Structures are given as C-alpha cells and as structure tokens.
Amino acid sequence: RGLGDETPRQVSQPSPTRDQTSTAGKTSAKSIPTGIRHVPGIDGLRGLAVISVVIYHLFGNVLPGGYLGVDVFFVLSGFLITSLLLREFVYSRTISLKNFWIRRVRRIAPAAISTLVICAAIAGIIGGDVNVNLGRQFWSSALFVNNWVQIAHSQSYFAQSELPIFAHYWSLSVEEQFYIIWPLIVSLLLVILRKTPRLVGKLALAGAVVSAGAMAIIVNPGHDATRVYYGTDTHAFGLLIGAALASVTISSSMEKRGDTWGYSEGLQQHGRILNLLAIPALAVQIIYFFWLGDQDTFTYRGGLISSSLVVAIIIAAVVRNTTPVAARMRHMV
C-alpha cells in the first residue's frame, strides 16, 4: 500500500479501571508503557482500506474512490500515534522522543528499505522504462521525501501508465514527516508548556482546517491535482483529524495497564450517539469509495476532509468495541 505500519506495539489490556491515586511522576522510565490496547476492529478497518486501494489501482472503473483507503490510513496513523504519545504523557508526565523515534524506525525501516533495495535491483536488471530516474526515486524514498521530489519533477499520481516504480512511497513520506514534526509539537505543549491533551486536540483540528483550506485554494479544477494530493501541507488533515480524535478519547488513568481509551471519558462515554452515527458514517465512506472520483473538484474542496471526518467517527466506534460497526470490522480480520 506504500504506507508504513503506523500501528504502535499493541498490548492486551484489561477493561478500564478507576484512576489510581498514586502520582505518575514517581514512575520509572523503564516502566512507561510503550503499547496500546489491541483492537481487532482496527485491523478490519485497515483491511478494508487495503482492499479499496488495490481495487482502485487494478480496476479503477470499478472503485473510482478506492484511493480514499490511503486517507483511512492517515486518520488511523494520526489517531494511533497521538494516542501513544498522550498515553505516555498521562502515565509518566513525560514523553521520550528518542524512544518514540527508535520504535518507529524499528517498525518501518526494515520493510521499507528492504522493499526499496529488492525492487531497485529487479528494476536495474529489467532496465527500460522502469529504470528511468531510478536513483532519484530510490534516495527520495529512502529519505522519506518522495512526495516533494515527485512534486518538484511534475510527476502525476493520476496518470496511471506513467507512475514511477516507487511512486507509492509518497504516502509513507507524508507519514514519516508527520512522525518527525508532530511529536515535537506534542512534547512542546505537554512537557514544556504544561498544557493539556485537549489543547493538543484543538491545535490538531485547527491544523486540519488550515491544511484542507490550502488544498481547496491551491487545487486548480480541471487540471492535474497531484500537487495538493502529494503535498504534506495540503494533505495532512487526515493525520491531524486522527490526532484530534485521540485527544478526546485517551484515558486519564495513571494505571500502567489501564485502558488506552477510557469508556467513561470523552467521546467514549457517548455510546448511544456513536451507535447512531457509526452506521451512517460507514455507509457514507462506502458510497465515497464507489462515487468520489480522483478528478472531481468536490474531492479536493470538501470530499477528502469529509471522508476523514467520517473515518474518525468509525474509529471512535470501533475502539469502543460495543457498536455494530465494531463487530462488523472485527469479522473482517
């Protein structure tokens, strides 16, 4: 799919318990939890996204909106990564950026770099069109700036017959750039400025509005939309919407094995509302898969961000585990 494994190391955890009275500041660094609760429904949602992207690239006329699977991954990535950061802060009152980045490298680099090396070797042997600008493609992908290099060289994502061999590394590059910048911002707000996770969420929402607004302004209807689709500045709203969702669902429990997303806190307490919203949200997303074309003006002026908001509702329902949508997603695993 061209995306990194955005899921942090997940650990099984018991049902939510009451907050402990002990202070988190006394916790040793070695005991800081590095995983979050495993949710089978998230795996199902990821599977749905993978299927949609594959069908889009192989049979675009069957699923013209299948590319939205990438945005599903973006929202999931923003949600899971921010949940990991906030959970660590709530529990320990600190965030180890060094450990965070080491974990990301360990999870993403082996598969990403191995794929690059193997495919580059095969392309070198085959030669011809697949070997064009191979060095530039390789290094831009290895350094996670593939999206900006493609933009600089006017590569088109939507001219399917002209896609470079490593074109799909654009989305991994967007994620990796987010993984570098966003933890710095979260750490600055929480650890240095002593702000609350809710402020992180408000900032994420503001950033999502700015990003979506930039996409709507810069896109040129009737012309190739690769610039706004590839751009980190214009396509970060999915990641930021996921981050905002994490800020209102993360548990405030200071128990090491407390639930990651508190059922009695934030959006999680509104089970009936999630039940009512989740099914229509899933229906809208499926309609988008079949209807929202990659060249439609609405796609870049409301379509992509509305899809990301819909996905956020689905994720909130899935992590609660008691909604019909959560059950449906679990069955897809």
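Me: Before we look at anything, what makes two atoms a polar contact?

Reply: A polar contact is a pair of N or O atoms within 3.5 Å, where, inside a protein, one must be able to donate a hydrogen and the other to accept it. Keep in mind that this is a predicted model.

Me: How do you know that the side chain of Ser-140 makes one with the backbone oxygen of Arg-136?

Reply: A polar atom of the Ser-140 side chain lies 2.9 Å from that backbone oxygen. The limit is 3.5 Å, so the pair counts.

Me: Why is Ser-140 called buried?

Reply: Its relative accessibility is 6%, and buried means under 20%. So Ser-140 counts as buried. Ser-140 is found in helix H4, residues 134-142. Setting aside residues up to four places away in sequence, Ser-140 touches Val-145, Asn-146 and Val-149.

Me: Which residues of H7 are buried, and what puts them on the same side?

Reply: The buried ones are Pro-197, Val-200, Gly-201, Ala-204, Ala-208, Ser-211, Ala-212 and Met-215. They cover an arc of only 100 degrees around the axis, so they sit on the same side of H7. On the other side, Lys-202, Val-209, Val-210 and Ile-217 are exposed.

Me: And what covers the buried residues of H7?

Reply: The cover includes H2, H6 (169-192), H8 (226-230), H9 (237-249) and H11 (297-320).

Me: Which residues touch the most other members of the largest nonpolar core?

Reply: Trp-182, Tyr-229, Tyr-300 and Ile-315 do, in a core of 92 residues. Helix H2 (residues 68-92) gives the largest share of this core, 14 residues.

Me: What does Tyr-229 touch, leaving aside its neighbours within four places in sequence?

Reply: Its contacts include Tyr-67, Val-70, Asp-71, Trp-170, Tyr-300 and Leu-304. Tyr-157, Phe-158 and His-235 are also among them.

Me: What share of the accessible surface belongs to carbon and sulfur atoms?

Reply: That share is 65%, out of about 14,700 Å² for the protein.

Technical notes:
Residues are numbered from 1 along each chain as its sequence is written. This is a predicted model: local features need pLDDT of at least 70, side-chain atom pairs count only at pLDDT 80 or more; totals for chains, interfaces and linings use all residues. Side-chain values use heavy atoms; hydrogens and water are left out. Helices (H or I, at least four residues) and strands (E, at least two) are DSSP runs, numbered from the N terminus. Buried means under 20% relative accessible area, exposed over 50%, partly exposed in between (1.4 Å probe, protein chains only). Contact means heavy atoms within 4.5 Å. A nonpolar core is a set of buried Ala, Val, Leu, Ile, Met, Phe, Trp, Tyr and Cys residues joined through side-chain atoms within 4.5 Å. Accessible areas come from the Shrake-Rupley method with a 1.4 Å probe; for residues, only the protein chains shown count as cover. The arc is that of the directions from the helix axis to the C-beta atoms.
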